[in-house]
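Here is a friendly walk through one protein model, written for someone who likes to know the cut-offs. Have the structure open while you read.

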Amino acid sequence: MQTITIGLLGLGTVGGGVVKLLQEHAAKIEQTTNVHFVLKRVAVAHLDKPRNVTLPDDTILTDQLDEVLNDPEIQVIVETMGTINLARQAITQAIYNHKSVITANKDLLAIDGPRLAQLAKSRHVDFLYEASVAGGIPILRVLSSSLATDQISQITGIINGTANYILSAMTSNNVSYDKALMNAQKKGYAEANPTNDVKGIDTANKLSILSQFAFGKALDPNKLGIRGIENITAAQLASANHFGYTIKLLAIAKRLANKLYTFVGPALIAHNDPLAQVDGVQNAVAVESNALGSSVYTGPGAGAKPTANSILSDLAAAANDILDYDCGSEFNNYHNELEPCSLTTVPQSYLVTTYGTSAKPNSTVNWQGEFSGNNYWSGLTPVISHQELESLLKSFPKSSAVSYLPVYNTAKL
Ligand SMILES: NC(=O)c1ccc[n+]([C@@H]2O[C@H](COP(=O)([O-])OP(=O)(O)OC[C@H]3O[C@@H](n4cnc5c(N)ncnc54)[C@H](OP(=O)(O)O)[C@@H]3O)[C@@H](O)[C@H]2O)c1
């Protein structure tokens, strides 16, 4: 049996999970990989912080990243610190020191992933990040291996557990956005500052990575025109339900010829769509591809053990490459010049809701359905162009608030 020596940066939720799984699954890992993994050094920010993991006796705990990054015996660095600049610096240093790198850092990957991947390739080391999208669901490896030979036309994800938990709670428990967010924070499903999760930023970051794997095109998350879930109302949820839909925060990338249409935001999704059944902190990714047709991958999108399991699968792959003298292949080697376009510019159907009235507004739209409740009115439009939507919104009295949401998979490309 061969030995591979690891350095771990960060011993929080994910780093702690990595240590636990390396211990709990040691026998299976050795049998399936024929590798004995030695965790030589672990870097943390606070040396005295109480931990709920016990490090192996010989493992050295340090608050000096350099001690881990510059140790010549360490062959693989596992980065689970988070942050952007510090992690970027550490990963770059590790690559220059000829160490393969595994990370779960989707924020960094979304803005600098392709550059780091090229750097790793040029230095003949592996750069793997299965845990960065949908936590425990092995979606990147499915896209880059099992579906590598298939032509993907659309990928749709529910890839933020916090937002999905909040929307599920608002739908099934009939609670407000604020109450659902507070409950999510109490249960540890939302951070004290939930901005990235509820505003769709985290979802956009992950869509950028998914798009690289599915379509060979990394997206700039800042150019995606993201909408969040903070303004979703009980009226929209009740109206959607009346029409046979639920509301989910979706990430969509859809390819037509050389164009890649993208969307990140809340949308209505039919009750009978498999994605509509994905509740709470669960994640799901639906793939439409030429050979396979529709396939859906669901599972835990976060958490210590699910995320750590994805890291360990990367670790097994990296170890294999080190032992075969075959490091430096890109995790995803599919590259394509596609033109990014916004799906919001394409004709589709919308749920339009107006507040402060339960009366039908004056408009020329041929509503597919109407519903009114306590102080609100909602209508479901047929497929209309973006210009028609804008004129429709302008036709409502200036005094009334109006909101709209697209209906998933009604876009006519
Ligand atoms: N949590 C999840 O379920 C999940 C899922 C998928 C991806 N991710 C990603 O995984 C990464 C880690 O997330 P997490 O939830 O595990 O974070 P976390 O619980 O906050 O842990 C961060 C760890 O990094 C350490 N750290 C911070 N600054 C450091 C420094 N300057 N030097 C050395 N160590 C430092 C901290 O040390 P101390 O403990 O001493 O403070 C802590 O152990 C993030 O990129 C996140 O986006 C997380």
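Predicted model: local features only at pLDDT ≥ 70, side-chain atom pairs only at ≥ 80, totals over all residues.

Residues are numbered from 1 along each chain as its sequence is written.

**Helix pairs**

Helices (H or I, at least four residues) and strands (E, at least two) are DSSP runs, numbered from the N terminus. Axes are lines fitted to C-alpha atoms, for helices over the stretch in contact, and angles run from 0 to 180 degrees between N-to-C directions.

Let us start with helix α1 (residues 13-24) and helix α12 (residues 304-323), whose axes come within 8 Å and cross at roughly 70°. That angle makes α1 roughly perpendicular to α12. The wording follows these bands: under 35 degrees is roughly parallel, over 145 roughly antiparallel, 65 to 115 roughly perpendicular, and the rest oblique. From α1, the residues T13, V14, G16, G17, V18 and L21 meet A304, K305, T307, A308, N309, I311 and L312 of α12. Here, contact means that two C-beta atoms, placed from the backbone, lie within 7 Å. By class, the contact of α1 with α12 has seven nonpolar, five polar and one charged residue. Ala, Val, Leu, Ile, Met, Phe, Trp, Tyr, Cys and Pro count as nonpolar, Asp, Glu, Lys and Arg as charged, and the others, Gly among them, as polar.

The second pair is helix α4 (residues 85-96) with helix α5 (residues 106-122); their axes come within 11 Å and cross at roughly 10°. α4 and α5 are therefore roughly parallel to each other. A87, R88, I91, T92 and I95 of α4 make the contact with L108, D112, L116, L119 and A120 of α5. This contact divides into seven nonpolar, one polar and two charged residues.

**Around the ligand**

There are 25 residues around the ligand, and G10, G12, V44, G82 and A302 come nearest. A residue is near a molecule if its C-beta atom, placed from the backbone, lies within 6 Å of it. Helix α1 turns up again here, giving the most to the shell with three residues. By class, the shell has twelve nonpolar, eleven polar and two charged residues.

**Single residues**

Which residues does L8 touch, beyond those up to four places away in sequence? They are G15, V18, L39, V42, V78 and T80. L8 itself is found in strand β1 (residues 2-9), and its C-alpha atom is separated by 8.3 Å from that of K40, 32 residues apart along the chain.

T357 is in the loop between β13 (350-355) and β14 (369-373). Leaving aside neighbours within four places in sequence, T357 is in contact with W377 and S400.

The table compares burial: 20 or more other C-beta atoms within 10 Å is buried, 12 or fewer exposed, and in between partly exposed, with C-beta atoms placed from the backbone.

| Residue | C-beta atoms within 10 Å | Class |
|---|---|---|
| L8 | 30 | buried |
| T357 | 15 | partly exposed |
| T83 | 14 | partly exposed |
| N375 | 11 | exposed |

Finally, a word on backbone angles. Most residues other than glycine have a negative phi. T83, in the loop between β4 (76-79) and α4, has a positive phi near 70°. N375, in the loop between β14 and β15 (376-380), also has a positive phi near 70°.
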